[in-house]
Amino acid sequence: MTPGNNGASTPEDDDPFGYLYADGQANGAQPPSGGYGYPNSVNRVRAVGSRQYGHQSQAAPAAPYGQAPQQQGAYGRPHPHYAAPETLPGGPGGPGGPHGHGAAQRPAPHGAGGGNGRGRGPNTKGLLIGAVAVVAAVVIGIGVAMTTSGSDDDKGDQAGGSPAPTQSQSSEPAPSSSGSAGSEVELPTIDAKALRLGGSATLASDVPGAESDGGIYVSHLDQPGASVTWTVNGIPKDGAYTLFARYSAAGEDQSMTLTVNGKEFGNKLNLGNFARAEDGDLAKGWTETYAWPTLNKGTNTITLSCQDGDKCNVLLDQFWLKEGQVKRS
């Protein structure tokens, strides 16, 4: 065997790819016509660029040996037959996929959306209703407070002896909640002529308007030491009672000393000119007042007198009692 001549059977003759080399082509190597020696094999060799993706495409022209095939599009642009994974059905981000977008995006379930749908967004309607409820509660509370304050002021005025159309109380403070509605028990009443008189006090009937029997009243109480005394029998039990007095006053308001069971009652009995009678017009000055003494069961003594510093220019008509602390006879 000499150089350059390796005999009749050389490796190039056995190499199925010998036709790809220059020396193989010089020795007559030819491309195989079958399936590279495998029985029943199918030759599926395709030209570069001839593969189809969903539709017919033309095969890219084969480049000469040793050169790269020509690109089908400009650099940075996808191949005209290229399909991104997110556009493929079922792909990640494609229609029906887990991250899909666009028209093929799967609609969100009810309740998962924002505040304008039926989802669980911010409940602005509920917040608005709550705010309105809070404002309404504050307004109602202020109204109740103002009403209560006004009621307390009215009570305080009456307790202090401010003028009232038909009644007043002695100037002691009114109790906050100890007053009762009064009892159905019939309690004693006395006319002027049945009272025990003291000092300058006398009976008279000159001025009309007294309701005692015969229109008799007690006069001349405007001198120090003048008094009337009522011995009350038949008090059913110990406790608070209301003493009412009917009298006449004209011009300036009057006040006298009240004594219960020998003990001076807190403040003066307020005998105001609640009828607004002109000075000296005692016929138009008939009115009522009241006080809330504490009495004992059985017999009690009540005295109304003119003491130093008192204003006693009144005509006294009647006394009567109510159980509990009330304001109307």
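Buried means under 20% relative accessible area, exposed over 50% and partly exposed in between, with a 1.4 Å probe and protein chains only. The model is predicted, so local features need pLDDT of at least 70, side-chain atom pairs count only at pLDDT 80 or more, and totals for chains, interfaces and linings use all residues. Residues are numbered from 1 along each chain as its sequence is written, and side-chain values use heavy atoms, without hydrogens and water.

**Exercise 1.** Work out how β13 sits in the structure.

*Solution.* Start with the strand itself, a DSSP run of E with at least two residues, numbered from the N terminus. Strand β13 covers residues 315–323, and eight of its nine residues are buried, so the rest of the structure largely encloses it. Next, look for pairing, which takes at least two DSSP bridges between two strands. Strand β1 (residues 189–191) runs antiparallel to β13, joined by three bridges; here Thr189 has Trp320 as its partner. Strand β6 (residues 239–248) also pairs antiparallel with β13, over eight bridges, and Ala245 stands opposite Phe319.

**Exercise 2.** Find the disulfide and give its handedness.

*Solution.* Search for cysteine sulfur atoms within 2.5 Å of each other. The count is one disulfide: Cys306 and Cys312, with sulfur atoms 2.0 Å apart. Both cysteines are buried. Finally, the torsion about their S-S bond is about 90°, so the disulfide is right-handed.

Definitions and conventions:
Helices (H or I, at least four residues) and strands (E, at least two) are DSSP runs, numbered from the N terminus.
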